[in-house]
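User: I would like to learn how to read a sheet and the helices packed on it. Please walk me through one case.

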Amino acid sequence: MLDKTWVGAVSYLNTKPLIYGFEQGAMADDVHLILDYPAKLAQRIKKGELDVALLPIAAIADLERPYYFSKYCIGANGAVASVCLFSEVPLEQLETIYLDYQSRSSVALLKVLLKNYWKKEVQFIQADADYITKINGTKAGLIIGDRAFEQLNRFEYIYDLAAEWKSFTGLPFVFAAWIANRNLPEEFVHDFNKACSIGFEHLDAIIKAQKYPHYDLKTYYTQNISYQLNAEKHKAIELFKEYITKL
């Protein structure tokens, strides 16, 4: 175990294709995979307890020297479907927004859009576990992940934050990326990217294993999520980091 590279990730629906290969034994002799919460992954890579982690962009902004080594990420080039602001009234009528307690990056994205794109001031409330039931009237809620899918048919007004970012900047958005705490050997990077790619060859098996009834995961994995970390996404990361430092 001491000779292995410690890799941290979250076990959300959107990460399933990226970690599938590792869970099936790819790089088993070289990698030890740990699943944890995003905030804990950021803490552990700062402390040196992890060598590599799939980190939210807001957490990456806190790192002194992040190494983007993989060609894969969690991004969107338009509507992502799983990070949305839900409301009973149009945006211009909103007075209060409940902030999902599970995602710092999505909260930061919402605040960037409110300030710089929508030019809208609201009161923020740190949401509790049952905040979705409190969304009514001029009170909206930011909901992410699996729970967002469950609300897509419940609210009249839905603002997809990745789509709104695209309209605002013309760029895709990156929610999370693989980060290392040091430069990694070229052979390791090659093998790591190959392991990440395995899941995309087995999407049907991944979807079948989830048994998820609330959204078409084939659409999610092939149309909503954009997994390639290209030059446009690097540009988007840097622009987002500039905006969040001004919040």
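**Reading the sheet**

Analyst: Strand E6 (residues 96–99) runs parallel to strand E8 (residues 139–144), paired over three bridges. Two strands pair if DSSP finds at least two bridges between them. Helices (H or I, at least four residues) and strands (E, at least two) are DSSP runs, numbered from the N terminus. Within this pair, Thr96 stands opposite Lys139 in E8. This is a predicted model: local features need pLDDT of at least 70, side-chain atom pairs count only at pLDDT 80 or more, and totals for chains, interfaces and linings use all residues. Residues are numbered from 1 along each chain as its sequence is written, and side-chain values use heavy atoms, with hydrogens and water left out.

User: What is the order of the strands in the open sheet?

Analyst: The five strands are ordered E7-E6-E8-E5-E9, with mixed pairing. Strand E7 (123–126) and strand E9 (157–160) are the edges, each pairing on one side only.

User: Which strands does helix H4 touch?

Analyst: Contact means heavy atoms within 4.5 Å. Helix H4 (residues 104–116) packs on the sheet and touches strand E5 (83–87), E6, E7 and E8. Axes are lines fitted to C-alpha atoms, for helices over the stretch in contact; angles run from 0 to 180 degrees between N-to-C directions. The direction of H4 makes about 160° with that of E6. Helix H6 (residues 161–169) lies across E5, E8 and E9, at about 60° to E9.

User: Is Leu109 buried or exposed?

Analyst: Buried means under 20% relative accessible area, exposed over 50%, partly exposed in between (1.4 Å probe, protein chains only). Leu109, in helix H4, is buried because its relative accessible area is 0%. Beyond its neighbours within four places in sequence, Leu109 contacts Leu161, Trp165, Phe173, Phe175 and Phe240.
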